[in-house]
Amino acid sequence: MPRPLPSRFLLLLAAACGAPPVAPGPASEPPQVVLHGVQLQSYEAERLVLSGRAEQMTYQRSEGLFTATDTVLRFPAPAGARPSPEGGTEVRAPLMEGSLSTRQLEASGGVVLRSPEGVVARTPRATYDAPAQTIRGREGVAAQGQDYSLRADAFSLSLPEGTFTFEGSVETVVGGAQ
């Protein structure tokens, strides 16, 4: 005749079969897509408006959100601009996060912008607004041109015009820029 199981064994078995413990804090879903060595191209109608590459890109299809690392974006030179060896505007950043639905992108981690005229600007963070075709920074910027350098509190870069606007306190050194 079988012997009944001891009650402490039943308690141990019931505890082992219970639901697994839940980790504290909000649960984050893994990305739906992870891409490595990504080549990027964006078009408006048949016109190329952006190209580039990213070391890695994650994408949440349901929200239209993406994150890209070690990214370089290139915007064509403005229509009618004189040809330059630099081509169009280039933006480099260790991290870029954005939304396909709003067409906004935030670059961070030390952003470097290079204009078609060769102006190089460095800022901690910049925001790209695709509908407005602008790149803005509000955390300070240091820029260097062929014969000048400057620091400013904020900047705006108009991609159609290819021009920087520096705002707030602006300090400029002309000639002999380092």
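1. In this predicted model, arginine 74 and glutamate 90 form a salt bridge, with 3.2 Å between the closest N and O atoms. Arginine 74 belongs to strand E3 (residues 65–75) and glutamate 90 to strand E4 (residues 89–99), so the pair ties together parts that are 16 residues apart in sequence.

2. The two partners in this pair carry separate accessibility labels. Glutamate 90 has a relative accessible area of 15% and is therefore buried, the cut-off being under 20%. Arginine 74, with a relative accessible area of 35%, is partly exposed.

3. A salt bridge also joins the side chains of arginine 125 and glutamate 106, at 3.0 Å from N to O. This pair links distant parts of the chain, 19 residues apart: glutamate 106 sits in strand E5 (residues 104–114) and arginine 125 in strand E6 (residues 120–129).

4. On accessibility, arginine 125 is partly exposed, its relative accessible area being 32%. Glutamate 106 also counts as partly exposed, at 26% relative accessibility.

5. Glutamate 44 pairs with arginine 47 in a salt bridge whose closest N and O atoms are 3.5 Å apart. Glutamate 44 has 29% relative accessibility and so counts as partly exposed. A network of salt bridges links Glu44, Arg47 and Arg103.

6. For the overall tally, the structure holds seven salt bridges. Among them are the pairs arginine 74 with glutamate 90, arginine 125 with glutamate 106, and glutamate 44 with arginine 47.

Definitions and conventions. Residues numbered from 1 in each chain as written. Predicted model: local features only at pLDDT ≥ 70, side-chain atom pairs only at ≥ 80, totals over all residues. Heavy atoms only, no water. Salt bridge = Lys/Arg side-chain N within 4 Å of Asp/Glu carboxyl O. Buried < 20%, exposed > 50% of the residue type's maximum accessible area, 1.4 Å probe, protein only. Helix = DSSP H or I, 4+ residues; strand = E, 2+ residues; numbered from the N terminus.
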